[in-house]
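The structure comes first, and the notes follow by topic.

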Amino acid sequence: FFCAVVMPAPAARFVGVLAAVSAVVAFVRASPRAARMDSLVLGDPSIMRQRANGRSTERAPQGDLLWGADASTADRICTRNRHYAEHSGYFRTTTFLDEVASDGETTYYDSVSGKPLFVAPRGRSFDEFVRESKAHGWPSFRDEEVVWDNVRVLEGGETVSLAGTHLGHNLPDGKGNRYCINLCCVAGRPA
């Protein structure tokens, strides 16, 4: 037994559009980005509210950042900005690749608060970490390398510290969440 439903043209178009939207929603839910949202620790936008000093943090970045990272660049990118980044490849103009441990894990500290934000490499080799970072232009961290006690991801992918330091963005790829992070924002010394 087969029953056909005849409906007016506008209603048929609406049903067609509804079916198309449902298909897109199903695709997005099945996409790599959506599948990885459960591994993020989301933050409230108030973390990045502007303080009385004009910054998103209570104070300026440390003056003696690691690897020769520039403190004025850190102040501009990490505490007075929500959208921009140090230039692609900036980390290659510092002593970062010469000084970071290639035979173990390195802890990366907030340039403002000195709290640990990332520990890398984890779950991959140092060469894989460097290769991915060079390919994308910024140090690139994965979920297992994030210190979630001190890091949050805001709507839109902005990655920040609980101190209000803008770190970079989550730009997921086929391997999972990839945190594309400004070196000057994680070149702090431990508090």
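Strand E2 (residues 116-120) is mostly covered, with four of its five residues buried; buried means under 20% relative accessible area, exposed over 50%, and partly exposed in between (1.4 Å probe, protein chains only). The model is predicted, so local features need pLDDT of at least 70 and side-chain atom pairs count only at pLDDT 80 or more, while totals for chains, interfaces and linings use all residues. Residues are numbered from 1 along each chain as its sequence is written, and side-chain values use heavy atoms, with hydrogens and water left out.

**Strands and sheet**

- Helices (H or I, at least four residues) and strands (E, at least two) are DSSP runs, numbered from the N terminus.
- Two strands pair if DSSP finds at least two bridges between them.
- Strand E2 pairs with strand E1 (residues 106-109) in the antiparallel sense, over four bridges.
- Within this pairing, Thr 107 stands opposite Val 119 in E2.
- The hairpin of E1 and E2 has six residues between the strands, and Gly 114 there takes a positive phi near 80 degrees.
- A further five strands form an open sheet with antiparallel pairing, in the order E3-E7-E6-E5-E4.
- Strand E3 (140-141) and strand E4 (151-153) are the edge strands of this sheet, each pairing on one side only.
- Inside the sheet order, strand E5 (residues 158-161) and strand E6 (residues 166-170) are joined by three bridges in the antiparallel sense.
- Glu 158 has His 169 in E6 as its bridge partner.

**Cysteines**

- A disulfide is counted when a pair of cysteine sulfur atoms lies within 2.5 Å, and by this rule there is one disulfide.
- The disulfide joins Cys 78 to Cys 185, with an S to S distance of 2.0 Å.
- Cys 78 lies in helix H3 (residues 71-79) and Cys 185 in the segment after strand E7 (179-181), so the bond ties together parts that are 107 residues apart in sequence.
- The disulfide is left-handed because the torsion about the S-S bond of Cys 78 and Cys 185 is about -95 degrees.
- Cys 78 and Cys 185 are both buried.
- Cys 184 is in no disulfide; its nearest cysteine sulfur, that of Cys 78, is 3.9 Å away.
- Cys 184 counts as buried because its relative accessibility is 0%.
- Cys 180 also counts as buried, at 10% relative accessibility.

**Aromatic rings**

- Rings of Phe, Tyr and Trp (its six-membered ring) pair if their centres lie within 6.5 Å; planes under 30 degrees apart count as stacked, over 60 as edge-to-face and the rest as tilted.
- The structure holds ten aromatic pairs.
- One of them is the tilted pair of Trp 67 and Tyr 108, at 5.7 Å centre to centre and 45 degrees between the planes.
- Trp 67 lies in the loop between helix H2 (32-35) and H3, and Tyr 108 in strand E1, so this pair ties together parts that are 41 residues apart in sequence.
- Trp 67 is buried, with a relative accessible area of 7%, and Tyr 108 is buried at 1%.
- The rings of Phe 129 and Phe 141 are also tilted, because their centres are 5.4 Å apart and their planes at 45 degrees.
- Phe 129 lies in helix H5 (residues 126-136) and Phe 141 in strand E3, so the pair ties together parts that are twelve residues apart in sequence.
- Both Phe 129 and Phe 141 are buried.
- Ring pairs link Trp 67, Phe 91, Phe 96, Tyr 108, Phe 118, Phe 126, Phe 129 and Phe 141 into a cluster.
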